[in-house]
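Colleague: I have the structure open in the viewer and would like to go through it with you. Could you take my questions as they come?

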Amino acid sequence: MQPAPLSTYQLGRIQSLPILRLVSIGAYLDGGIQDILLPLRYLPEGAKEGDSVSVFVYHDNEGRLIATTLTPLAQVGEVAYLRCSSVTEAGAFLEWGIHKDLFVPFREQSTKMQEGYSYIVYLYIDALSGKIVGSARLAKHLDNTPVDYTPGSKVACIVTEQHERGYRCIIEHKHWGLLYNDTAPRMLQRGERIEAYVIRLREEDNKVDLSFVPVGYQKVDGEQARLLSLLEQHHGHLPIGDKSPAEEVMRLTGMSKKTFKMVLGSLYKAGLVTLAPTEVCKK
């Protein structure tokens with residue numbers, strides 16, 4: 001007896017699946033252990049058997065597997081800020097960006113959800129029903145894998161709440177992070193998606209400290225003013241540049257070579273100085 005084929009589809013993820021056959025109501029896609037209907041309204045014009053289609057697979061309201069070419073606001077394993085469209089005796093339903101709302105059972109709500117309000121939820125596949133659900137109990141789903149970021153890494157984040165020192169964020173849908181106030185250029189909103197830089201990994205609690213500017217650039221603003229002041233004192237000219245020895249840069253400016261080059265780059269982009277390998281001049 002031949003072993004049953006393994007499923008080739010991923011529930012709750014965008015993927016490419018081949019068309020097995022065209023029918024009056026759409027097309028059936030090869031899902032491995034079962035075929036998956038792609039309704040006619042989502043079938044790309046001119047599609048034929050054997051073509052692959054990028055789709056999102058979920059269960060419809062009847063519990064049947066179905067595919068769509070619409071892009072959901074979040075996939076399984078991701079966090080999103082979604083608006084509650086209705087509340088029933090079973091739980092809440094959040095707008096998901098496809099022709100079905102995301103179900104959040106009461107047991108997965110940190111506070112009782114209300115229609116018209118938005119909530120940050122994590123999407124996962126419920127072990128009992130086998131369906132995609134949302135959870136606002138984020139602590140259950142975050143920090144469950146080792147933190148493998150390095151200082152200086154650029155990461156995608158979603159803001160969850162304001163903190164006395166800044167903003168709590170979820171990093172790459174996996175870990176908690178703290179973005180400090182002194183690097184934020186403006187007030188951030190709950191649910192806002194941002195990019196930030198890792199500045200420190202806290203071993204004591206496995207959390208990550210974040211900044212809006214890369215490691216090393218936190219000093220640049222203050223050093224810019226100091227270098228411009230030095231140029232003024234030396235009649236708009238200093239006999240050092242990015243090719244000068246680090247010892248000479250330190251002697252004349254009190255900056256490390258790395259900081260000096262970052263400051264020069266910022267001033268040059270701002271149109272405040274002209275550069276040469278061994279000199280810098282104020283415009």
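This is a predicted model: local features need pLDDT of at least 70, side-chain atom pairs count only at pLDDT 80 or more; totals for chains, interfaces and linings use all residues.

Colleague: Let's start with the open sheet: what is the order of its five strands?

Modeller: The order is 8-7-6-9-10, and the pairing is antiparallel. The edges are formed by strand 8, covering 100-105, and strand 10, covering 132-135, each of which pairs on one side only. From one strand to the next the twist averages 55 degrees.

Colleague: And how many bridges join strand 6 to strand 9?

Modeller: Five bridges join strand 6, residues 79-87, to strand 9, residues 118-125, and the two run antiparallel. Within that pairing, Tyr81 has Ile120 of strand 9 as its bridge partner.

Colleague: What about strand 7 and strand 8, how many residues lie between them?

Modeller: There is one residue between them, and strand 7 and strand 8 form a hairpin. Strand 7 spans residues 91-98 and is joined to strand 8 by five bridges, with the two strands running antiparallel. Phe93 stands opposite Phe103 of strand 8 in this arrangement.

Colleague: How many aromatic pairs does the structure hold in total?

Modeller: It holds four aromatic pairs. One of them is Tyr58 with Trp96, an edge-to-face pair with 6.4 Å from centre to centre and 70 degrees between the planes. This pair links distant parts of the chain, since Tyr58 belongs to strand 4, residues 52-59, and Trp96 to strand 7, 38 residues apart.

Colleague: Buried or exposed, those two?

Modeller: Tyr58 counts as buried because its relative accessibility is 4%, and Trp96 is buried too, with a relative accessible area of 2%. Ring pairs also bring Phe56 together with Tyr58 and Trp96 in a cluster.

Colleague: Switching to the barrel: in what order do its five strands close?

Modeller: They close in the order 11-12-13-15-14, and here the pairing is mixed. The twist from one strand to the next averages 50 degrees. Strand 12, residues 166-171, runs antiparallel to strand 13, residues 175-180, and six bridges join them; in this pairing Gly166 stands opposite Tyr180 of strand 13.

Colleague: What sits over the ring of Trp176?

Modeller: The charged end of Arg168 does, 4.0 Å from the centre of that ring.

Colleague: Why does Glu192 count as buried?

Modeller: Its relative accessibility is 18%, and the cut-off for buried is under 20%. Met187, which is in the loop between strand 13 and strand 14, is exposed, with a relative accessible area of 53%. With neighbours within four places in sequence left aside, Met187 is in contact with Gln162 and Tyr167.

Colleague: Last topic, the backbone: which residues other than glycine have a positive phi?

Modeller: Among them are Glu172, with phi near 50 degrees, and His235, with phi of about 60 degrees. Most residues other than glycine have a negative phi. Glu172 is in the loop between strand 12 and strand 13 and counts as partly exposed at 31% relative accessibility. His235 lies in the loop between helix 1, residues 220-233, and strand 16, residues 237-238, and is exposed, with a relative accessible area of 78%.

Technical notes:
Residues are numbered from 1 along each chain as its sequence is written. Side-chain values use heavy atoms; hydrogens and water are left out. Two strands pair if DSSP finds at least two bridges between them. Helices (H or I, at least four residues) and strands (E, at least two) are DSSP runs, numbered from the N terminus. Axes are lines fitted to C-alpha atoms, for helices over the stretch in contact, and angles run from 0 to 180 degrees between N-to-C directions. Buried means under 20% relative accessible area, exposed over 50%, partly exposed in between (1.4 Å probe, protein chains only). Rings of Phe, Tyr and Trp (its six-membered ring) pair if their centres lie within 6.5 Å; planes under 30 degrees apart count as stacked, over 60 as edge-to-face and the rest as tilted. A charge sits over a ring if NZ of Lys or CZ of Arg is within 6 Å of the ring centre and within 35 degrees of the ring normal. Contact means heavy atoms within 4.5 Å.
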